[in-house]
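Reader: I would like to learn how to read a structural model with care, one feature at a time. Could you take me through one?

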Amino acid sequence: MAYTEIMTGSLRPDASTSPERLFCHTYARGKGQAQMIPGWPYSFVAALEPGRTSWTALLDAVRMRPEDEHTGLAAAQLRTVVGNLIGAGHWREGDPDIWIVGDSGYDGPRLAFLLADLPVQVLVRLRSDRVLALPAPPRSPGVRGRGTRHGARFAFADPRSWPSPAHTTTADTARYGTAAAQSWNRLHPKLTRTGAWARHDDPLPIIEGTVIRLQVERLPGAGTPKPLWLWHSALATTPERVDRLWQTFLRRFDLEHTFRFLKQTLGWTAPRLRTPEAADRWTWLMLAAHTQLRLARGAVEDARRPWERSAPTPARLSPARIRRGFRRIRPAAGSPANPPKHSRPGPGRPRGSRNTRPAPHHHPGKTIKTDTKS
C-alpha cells in the first residue's frame, strides 16, 4: 500500500480581505523559475493504484494555517488517515507496512520520528545540496570520555565523501532509458535545536535511514536529467527493494493528473471564495465528486469522441471520460438532496449608498516565528 502526501494551493493573490492566507509555491513559465503567490495551501493524502493510471483515491485534505508547521501538520494528518484505515479493517496485524511517499517539502526524518509508533515507512525526496552523516565508528576499548554521535560527512554534491554503496542496480525503462541506482544504509541528519526541534526537551535523536541516488539516461521532455536523491526510513534494503522504492516514488507523479483534473475540469479553483471556511467546504465537495466518479468507473459507458482511442476496459478510462459519461447514469443514481428551489436575488445595496463597515484587510504569511536559539 502506498500513500502520497502533497501540498497544493488555491491561489487568491487579490483577496486582501480574506484571512489566513499563506504564500503558495507555484511554477512560473520560465525554466527553473518559481513564484510565491498568496493563497490557501492544502495538504492532500491520496492512495496510489497499481500500474500507470490517472486515478488516485483522495483520502483527506487539510488547509494549512499561518500558525501550523508543515511537517507537524502532515504527521497529524497522516496519523488520522492511518488510524481510520486500521479502524476500517484495511490494514491488519501481519500486513506489510504502509508506505508514505512525499516530496522534498517534507522533512522525511522528522516525519518518520513523529510516526514511529505506526505501521508506516517513509520515502521522501531530498534536495541535492543536503549533507548527512554516516554512522559513528565503534568506540575503541580503553578510550575515556564522551563518544562521538556522528560519523563522516556524506555530502550529496561531493562524490569524494561517498563510501562504497551497499547496493548498485541498473534497470531499463521505456520513458527514462537506463536507470542506475545506488544505495547507502544508516545515514542520518545532524539535528540541532533550531526550527521544528527548538522545543524538543529530550536529547536529539539519531534518525537513520537508507539513501538512494537515482540517475536516469533521459527525460520525457528536453531537459537534462539530474540525480534524484531519496531517503527511506528503513535501515537496510536489498537490490530488489531499491528498485521498488524509486519506482514507487516516480508513481507519485500520478497525483499531478488528479490536481489538473480538479482545477481544470471540476473547477476547484474557479470560485472566488471570501472565507477559508468556505474554501474548506468547497474542497471537500471536490473530494466527494472525485470519489463518486472513481467509484462509477465500472458503470459508465465510454462516450469517446471520434479522435479518441477505445479503452480496453472501463477501468482504464480517464477521469475526464468518466465524467463525460456520468451524466447518463446520474438520474438513476438518485440524490439525498432536495430539488433546487427557484428564487430571485436580493435587492442588494441601494444605489448611491456607501459601505459604512469595510472589511478588514489581512496580510498573508506566517504569524508565529520558530525560536532558532540553541
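Reader: What share of the contacts in the protein with a separation of 6 or more comes from residues 24 or more positions apart?

Author: A contact here means heavy atoms within 4.5 Å, and residues 24 or more positions apart account for 63% of the contacts with a separation of 6 or more. Before going further, please note that this is a predicted model, in which local features need pLDDT of at least 70 and side-chain atom pairs count only at pLDDT 80 or more, while totals for chains, interfaces and linings use all residues. Residues are numbered from 1 along each chain as its sequence is written, and side-chain values use heavy atoms, with hydrogens and water left out.

Reader: How many helices and strands does the protein have?

Author: Helices (H or I, at least four residues) and strands (E, at least two) are DSSP runs, numbered from the N terminus; the protein has seven helices and twelve strands. Its C-alpha trace spans about 90 × 60 × 45 Å along the principal axes.

Reader: Is Thr 283 buried or exposed?

Author: Buried means under 20% relative accessible area, exposed over 50%, and partly exposed in between, with a 1.4 Å probe and protein chains only. Thr 283 counts as buried because its relative accessibility is 1%, and of the 374 residues of the protein, 41% count as buried. Thr 283 lies in helix α5, residues 276-295, and, leaving aside neighbours within four places in sequence, is in contact with Tyr 42, Phe 44, Ala 61 and Trp 268.

Reader: At roughly what angle do the axes of helix α4 and α5 cross?

Author: Axes are lines fitted to C-alpha atoms, for helices over the stretch in contact, and angles run from 0 to 180 degrees between N-to-C directions. The axes of α4 (residues 254-264) and α5 come within 11 Å and cross at roughly 115°. Angles under 35 degrees count as roughly parallel, over 145 as roughly antiparallel, 65 to 115 as roughly perpendicular and the rest as oblique, and α4 and α5 are therefore roughly perpendicular to each other. The contact is made by Thr 258, Phe 261 and Leu 262 of α4 together with Met 286, His 290 and Leu 293 of α5.

Reader: Why might residues three or four places apart in an α-helix point the same way?

Author: An α-helix has 3.6 residues a turn, so residues at that spacing point the same way.

Reader: Which residues of α6 are buried?

Author: Helix α6 (residues 319-326) is mostly covered, with six of its eight residues buried, namely Pro 319, Arg 321, Ile 322, Arg 324, Gly 325 and Phe 326. These buried residues pack against α4, α5 and α7 (330-333).

Reader: Which backbone oxygen lies 2.7 Å from a polar atom of the side chain of His 167?

Author: The backbone oxygen of Thr 237 lies at that distance of 2.7 Å from a polar atom of the His 167 side chain. His 167 lies in strand β9, residues 167-173, and, not counting residues up to four places away in sequence, touches Ala 181, Gln 182, Ser 183, Thr 237, Thr 238 and Pro 239.

Reader: Where is Glu 20 placed?

Author: Glu 20 is in the loop between β1 (2-11) and β2 (22-27), and has a positive phi of about 60° although it is not a glycine. Arg 186, placed in strand β10 (residues 177-187), also has a positive phi of about 60° without being a glycine. Glu 20 is partly exposed, with a relative accessible area of 29%, and Arg 186 counts as partly exposed at 41% relative accessibility.

Methods
A polar contact is a pair of N or O atoms within 3.5 Å; within protein, one must be able to donate a hydrogen and the other to accept it, and residues adjacent in sequence count only if both atoms are side-chain atoms.
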